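Visitor: Could you take me on a close look at how the helices pack in this model, and at the core beside them? I would enjoy one connected tour.

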Amino acid sequence: MTHNELRKYLVDHYPESTLQLITDERKAALLAKYPELPSDYVQFLCEVGFGAIGDARYSVYGEPVAPSLIFDHVTAVGLRDVVLIGDDFAGGQEAFQFRNEGTIFGSVDSLSGRFEPDADGTFSKFIERWFIE
């Protein structure tokens with residue numbers, strides 16, 4: 001499914017969504033700050049958008065967020081190479097982990113506070129799985 005098809009599906013099936021597309025200027029600023037972000041995620045923000053999907057079903061952040069803004073100090077220190085990119089309003093956090101060998105998409109377990117890689121590997125596939133499959 002393309003990003004445009006995904007956006008249409010989400011807006012049609014979840015009309016209370018508040019998805020906004022990022023501008024070219026915001027995209028440039030985002031890539032300047034986080035050059036290691038996967039292109040799929042950046043294109044998702046450009047073509048699907050950020051904001052709430054449905055009535056508090058999922059929130060896509062407009063830019064990555066440091067774990068220290070969400071978690072306690074001890075948990076945040078353990079996630080020093082991670083940025084958060086969305087949440088399910090119930091404790092689930094999706095994230096990217098920046099490693100020497102590349103950027104990994106996954107989730108932060110709300111109980112353990114540990115990053116867990118996602119088998120499908122992209123944020124777009126995660127959203128498709130969450131809302132369509």
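**Helix packing and the core**

Guide: Happy to. In this predicted model, Lys27, Leu30 and Leu31 of α2 meet Val42, Gln43, Leu45 and Cys46 of α3. By type, the residues of this contact of α2 with α3 are five nonpolar, one polar and one charged. The axes of α2, which spans residues 24-33, and α3 come within 11 Å and cross at roughly 160 degrees. An angle over 145 degrees counts as roughly antiparallel, and α2 and α3 are therefore roughly antiparallel to each other. Their crossing is right-handed.

Now let's turn to the other partner of α3. α3 and α5 pack with their axes 8 Å apart, at an angle of about 60 degrees, and are therefore oblique to each other. Here α3 brings Asp40, Tyr41 and Phe44, while α5 brings Phe123, Ser124 and Ile127. Four of the residues in this contact of α3 with α5 are nonpolar, one is polar and one is charged.

The largest nonpolar core has 27 residues, of which Leu10, Phe123 and Ile127 touch the most other members. At least two residues each come from α1 (3-13), α3 (39-47), β2 (58-65), β3 (82-87), β4 (93-99) and α5 (123-131), with α3 giving the most, five residues.

Methods:
Residues numbered from 1 in each chain as written. Predicted model: local features only at pLDDT ≥ 70, side-chain atom pairs only at ≥ 80, totals over all residues. Heavy atoms only, no water. Core = buried A, V, L, I, M, F, W, Y, C linked by side-chain atoms within 4.5 Å. Buried < 20%, exposed > 50% of the residue type's maximum accessible area, 1.4 Å probe, protein only. Helix = DSSP H or I, 4+ residues; strand = E, 2+ residues; numbered from the N terminus. Axes fitted to C-alpha atoms, helices over the stretch in contact; angles between N-to-C directions. Parallel < 35°, antiparallel > 145°, perpendicular 65-115°, else oblique. Contact = heavy atoms within 4.5 Å. Nonpolar A, V, L, I, M, F, W, Y, C, P; charged D, E, K, R; others polar. Left-handed = near helix turned anticlockwise from the far one by under 90°.
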